[in-house]
Amino acid sequence: MSTRMATIGLVLTILAGTASAQAPGAAAPAFTINDTAGKPVALADFKGKYVVLEWTNPECPFVQKHYVSKNMQGLQKEWSERGVVWLSINSTNANHSEFKTGPEMANWMRAQGSAQKATLLDSSSATGRAYAAKTTPQMFVIDPAGTVIYNGAIDDKRSTNPADVKGASNYVRAALSEALAGKPVTVASTSPYGCSVKY
């Protein structure tokens, strides 16, 4: 096995299921986190709207896959234009070597051409733990009533290869499409894949 594959093997985390407190149908845990400019952003600010939470870490090759391919930015733009609030959350602990400061995260996102509402720095990891976020990326969709309606992987191609995005079934797009059409979410929970959140 190559060094690269061995590294990927070490960082790949596949969960058997999702935590019951954040399972579809549960109330989304409240939070207030500073954005990259130091401004507090609360989930309660967006009551009455659909919200996507994207757990992220620029150091993770699985996150890089979705930004290099422009998949994540495309989703951010597509759904923001339809009134969905997209928040990217970095729960890397401030004491971890992969921690990014506000300016560092802002610069990275700007370089990617990202289109989320805000990038939030959960430097204490409290919000990540509240959501039992295990991987980067891991995705949550919250409905206007504040209920989790999707929790899990971004898609069904569990790899770091940007080329795999093209043929993937995107769970987040499917959940949002159904929810905004007034339909129940068919696939409301999947096992997330990616790098472990650096708590």
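## Disulfide

A disulfide, taken as a pair of cysteine sulfur atoms within 2.5 Å, joins Cys60 to Cys195 with an S to S distance of 2.1 Å in this predicted model. By this rule the protein has one disulfide. The pair links distant parts of the chain, 135 residues apart: Cys60 lies in the loop between β3 (51–55) and α2, and Cys195 in strand β9 (residues 195–196). The torsion about the S-S bond of Cys60 and Cys195 is about 90°, so the disulfide is right-handed. Both Cys60 and Cys195 are buried, where buried means under 20% relative accessible area, exposed over 50% and partly exposed in between, with a 1.4 Å probe and protein chains only.

Thr136 is placed in strand β6 (residues 135–136). Thr136 is buried, with a relative accessible area of 2%.

## Model and confidence

Residues are numbered from 1 along each chain as its sequence is written, and side-chain values use heavy atoms, with hydrogens and water left out. As this is a predicted model, local features need pLDDT of at least 70 and side-chain atom pairs count only at pLDDT 80 or more, while totals for chains, interfaces and linings use all residues.

The mean pLDDT (the predictor's confidence in each residue, from 0 to 100) is 91, and 89% of the residues reach 70 or more. Over residues 1–20 pLDDT stays under 50, and for this segment the model has 29 contacts beyond four places in sequence.

## Overall composition

The protein has six helices and nine strands. These are DSSP runs numbered from the N terminus, with helices H or I of at least four residues and strands E of at least two. Of the 199 residues in the protein, 49% are buried. Among contacts between residues at least 6 apart in sequence, 76% join residues at least 24 apart.

## Nonpolar cores

A nonpolar core is a set of buried Ala, Val, Leu, Ile, Met, Phe, Trp, Tyr and Cys residues joined through side-chain atoms within 4.5 Å. The largest one has 28 residues, and Met139 and Val172 touch the most other members. Two or more residues each come from α2 (61–68), α3 (71–80), α4 (102–112), β7 (138–142), β8 (148–152) and α6 (171–180). The largest share, four residues, belongs to α6. Outside four places in sequence, Val172 is in contact with Trp86, Met139, Val141, Tyr150, Ala153 and Ile154. Another core, of 20 residues, lies apart from it and includes Ile33, Phe46, Ile89 and Val197.

In α2, the buried residues include Phe62, Val63, Lys65, His66 and Tyr67. Lys70, which follows α2, has a positive phi, near 70°.

Strand β4 (residues 85–90) runs parallel to β5, and four bridges join them; strands pair if DSSP finds at least two bridges between them. Asn90 has Leu121 of β5 as its bridge partner. With α4, the two strands make a right-handed β-α-β unit: with the strands pointing away from the viewer, the path from the first strand over the helix to the second runs clockwise.

In a regular strand the side chains alternate between the two faces of the sheet. In strand β5 (residues 118–121), Ala118 and Leu120 point one way and Thr119 and Leu121 the other, and all are buried.

Notes:
Contact = heavy atoms within 4.5 Å.
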